[in-house]
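Thanks for making time this morning.

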Amino acid sequence: QVQLVESGGGLVQAGGSLRLSCAASGRTFSSAATAWFRQAPGKEREFVAGIVAGITWKVGNTYDVDSVKGRFTISRDNAKNTVYLQMKSLKPEDTAVYYCAARYGGVSTLGYEYNYWGQGTQVTVSS
């Protein structure tokens, strides 16, 4: 079992920055693929970024191709069992609940392929 706890969400003005954290406990985390998803009200959950064993894979699949690329950066600190999502130049359309998820295998953009999920942290970007 892996337990995931997100933190770092909040209210920020457009153009601002936030760093989300996902702290993991339980089963060996360093070999797990970890991803950030987000879900805005009335919209489907979407993959934001994923990382495994130091290889970063970033995809913005629902919005424009520029929606997160160049603005969001995923990283991990295996010593702290923590994955981060650094978000800058935030836009109102980034408003969503952000979830951390983990799986043993490669990074997937499909939420149902992840076995472990955190409770989510709200990010609200005001215009």
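I will start with how the model should be read, then turn to the aromatic rings, and end with a loop residue.

What you see is a predicted model, in which local features need pLDDT of at least 70 and side-chain atom pairs count only at pLDDT 80 or more, while totals for chains, interfaces and linings use all residues. Residues are numbered from 1 along each chain as its sequence is written, and side-chain values use heavy atoms, with hydrogens and water left out.

On confidence, pLDDT being the predictor's confidence in each residue on a scale from 0 to 100, the protein chain averages 85, and 87% of the residues score at least 70. Over residues 59-66, however, pLDDT stays under 50, and where pLDDT is low, the predicted coordinates should not be read in detail.

Now to the rings. Those of Phe, Tyr and Trp (its six-membered ring) pair if their centres lie within 6.5 Å, and planes under 30 degrees apart count as stacked, over 60 as edge-to-face and the rest as tilted. By this rule there are six aromatic pairs. In one of them, the centres of F37 and W117 are 5.1 Å apart with the planes at 50 degrees, so this pair is tilted. It joins distant parts of the chain, since F37 belongs to strand 4 (residues 33-39) and W117 to strand 10 (residues 116-117), 80 residues apart; strands here are DSSP runs of E, at least two residues long, numbered from the N terminus.

How do the two partners compare in accessibility? Taking buried as under 20% relative accessible area, exposed as over 50% and partly exposed as in between, with a 1.4 Å probe and protein chains only, F37 is buried at 1%, whereas W117 is partly exposed at 27%. W117 also pairs with Y114, their centres 6.2 Å apart and their planes at 65 degrees, so that pair is edge-to-face; Y114 itself is buried at 5%.

R45 lies over the face of F37 at 5.8 Å from the ring centre, and R103 over that of Y114 at 5.9 Å.

Finally, A40 sits in the loop between strand 4 and strand 5 (46-52) and is buried, at 13% relative accessibility.

Conventions
Helices (H or I, at least four residues) and strands (E, at least two) are DSSP runs, numbered from the N terminus. A charge sits over a ring if NZ of Lys or CZ of Arg is within 6 Å of the ring centre and within 35 degrees of the ring normal. Contact means heavy atoms within 4.5 Å.
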